Amino acid sequence: MMEFPGQLIYWIVVVMMMMGFYIVIAQGNFVKKIVGLNVFQVSVFLLYITMGKVNGGTAPILADGIEVFSNPLPHVLILTAIVVGVATTSLGLALVVRINEEYGTIEDDDILEQESDV
Amino acid sequence: MLVTAFAIIRIRNLFSVVILTGLFSLLAAAIYILMDAVDVAFTEAAVGAGVSTVLMLGTLALTTNDEKSTYKNRAVPAAILSIITGAMLIYGTLDMPNYGDAKAPIHQHVAPRYLNQSAQEIGLPNVVTSVLASYRSYDTLGETFVIFTAAMGVLAIIGRGRRRRKKENVEQEAKT
């Protein structure tokens, strides 16, 4: 079998992160931008979880006869981060709904046009 | 997962995009299980794939379903910017320890203490739970504050707007 470089998984995560980043800056639709933020977020979570993995380890639940565990600390941090991420996502989506009520569109250059007309 | 992320970039129908985001989260949850993070996988599947998909679908129901057009003038600079940033990040990973290496610095500091002592100090078999609820409970307290603030923000943004708009409608109807 081919030997993968040890950092390959980090590179995959970085590619995914950059896809999220690209969505956020290149797309004008606000829902799409929030989806991009989500993709970016999940990539960061994956980065943390990959760092916590130990070869031959199991989930960090203590049981008889198991000696090697993966690192529990990143898991805890990411648990908190996922929930906070959903809170911020819901806030962003509420803003999108409000913008749609005010301007009748959720495309940012339509909004810029309306603003420059005024 | 890469394919899903790429499809999210290309597809213009927002409904498909939102469903693909749910799929993306679910795949992430599967990968977390492979990497021994079972608690994180639970949360991601329930909260990431479930709740945020529902929230986004709700937003789509209140707004529109289709994205308008492509933004050609922004695509190229954005792609260049993200490729440069990605290249710098990959350059940064070159110093990192190999995947799954038990001697990595991250495994040397507090994690062995949690694994060795938590059975006596907390008495729970699941180390993630004891770290979350006991050693780092201030983090969890802060998390609940964040959720509370977000909930208040959502209510302030959507709730008040609705009421004012209703009042305006009533006033207009009264005039006509």
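**View 1. Asp39(B) within helix α3 of chain B.** In this predicted model, Asp39(B) is found in helix α3 of chain B, which covers residues 38-62. Asp39(B) has a relative accessible area of 13%, and it is therefore classed as buried, since that value lies under the 20% cut-off.

**View 2. Surroundings of Asp39(B).** When the neighbours within four places in sequence are left aside, Asp39(B) is in contact with Asn126(B) and Val128(B) of chain B, and also with Leu79(A) of chain A. As a reference for distance along chain B, Leu155(B) lies 116 residues from Asp39(B) in the chain, and the C-alpha atoms of these two residues are separated by 30 Å.

**View 3. The interface between chain A and chain B.** On the two sides of this interface, 77 residues of chain A are in contact with 87 residues of chain B. The area buried between the two chains is about 7,500 Å², and carbon and sulfur atoms give 73% of that area. Between chain A and chain B the count of salt bridges is zero, while the count of residue pairs in polar contact, with both residues at pLDDT 80 or more, is one.

**View 4. The side of chain A that touches chain B.** At least two residues of this side are supplied by each of the helices α1 (8-26), α2 (30-52), α3 (72-103) and α4 (108-117) of chain A. The largest share, 26 residues, comes from α3(A). Sorted by class, the side of chain A that touches chain B holds 49 nonpolar residues, together with 18 polar and ten charged ones.

Terms used
Residues are numbered from 1 along each chain as its sequence is written. Chains are lettered from A and ligands numbered from 1 in the order in which they are written. This is a predicted model: local features need pLDDT of at least 70, side-chain atom pairs count only at pLDDT 80 or more; totals for chains, interfaces and linings use all residues. Side-chain values use heavy atoms; hydrogens and water are left out. Contact means heavy atoms within 4.5 Å. Buried area is the accessible area (1.4 Å probe) that two parts lose on being put together, summed over both. A salt bridge is a side-chain nitrogen of Lys or Arg within 4 Å of a carboxyl oxygen of Asp or Glu. A polar contact is a pair of N or O atoms within 3.5 Å; within protein, one must be able to donate a hydrogen and the other to accept it, and residues adjacent in sequence count only if both atoms are side-chain atoms. Helices (H or I, at least four residues) and strands (E, at least two) are DSSP runs, numbered from the N terminus. Ala, Val, Leu, Ile, Met, Phe, Trp, Tyr, Cys and Pro count as nonpolar, Asp, Glu, Lys and Arg as charged, and the others, Gly among them, as polar. Buried means under 20% relative accessible area, exposed over 50%, partly exposed in between (1.4 Å probe, protein chains only).
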